[in-house]
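These are my notebook entries on one protein chain. I set down what I looked up, in the order in which I looked.

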Amino acid sequence: MATIEDFQKLDIRVGKIILAEDFPEARKSMYKIKIDFGAEIGVKQSCAQLTQNYTKEELVEKMVLGVINLLPRKIGPEISEVLTLGAPDENG
């Protein structure tokens, strides 16, 4: 079980998606996205399972939450630098 102290270690920031691309090499359906977190953090790449809810075109310019202080994770041939967060809707 996570504690409040565990949660407080996360650095969650708002960023704007500036690019969304197909990621056919991934085992699960996902996009490679570039997120601009502003001058302090810069642009980071994320691999996110958003294909069921959004087209690539719909994602560009959307604001998202991202955990920016997790270790990068290799997903197929790509590196995901940010964990893009989502929240369930009426469809889960």
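Which residue in S3 does Ile-33 stand opposite? I found Ser-46 in S3 opposite Ile-33.

I noted that the model is predicted, that local features need pLDDT of at least 70 and side-chain atom pairs pLDDT 80 or more, and that totals for chains, interfaces and linings use all residues. Residues are numbered from 1 along each chain as its sequence is written, and side-chain values use heavy atoms, leaving out hydrogens and water.

Entry on the hairpin. I looked up strands S2 (residues 31-36) and S3 (residues 43-48), which run antiparallel and are joined by 6 bridges. Strands pair if DSSP finds at least two bridges between them. S2 and S3 form a hairpin with 6 residues between them. In the turn, I recorded a positive phi of about 90° for Gly-38.

Entry on the whole chain. I listed 2 helices and 7 strands, where helices (H or I, at least four residues) and strands (E, at least two) are DSSP runs numbered from the N terminus. Along the sequence the pattern reads α-β-β-β-α-β-β-β-β. The radius of gyration is 13 Å, close to the 12 Å that the globule rule gives for 92 residues, so the chain is as compact as a globular protein of that length. This radius is taken over C-alpha atoms, and the rule is 2.2 Å times the number of residues to the power 0.38.

Entry on burial. I noted that buried residues (under 20% relative accessible area, 1.4 Å probe, protein chains only) make up 27% of the 92 residues.

Methods: Buried means under 20% relative accessible area, exposed over 50%, partly exposed in between (1.4 Å probe, protein chains only).
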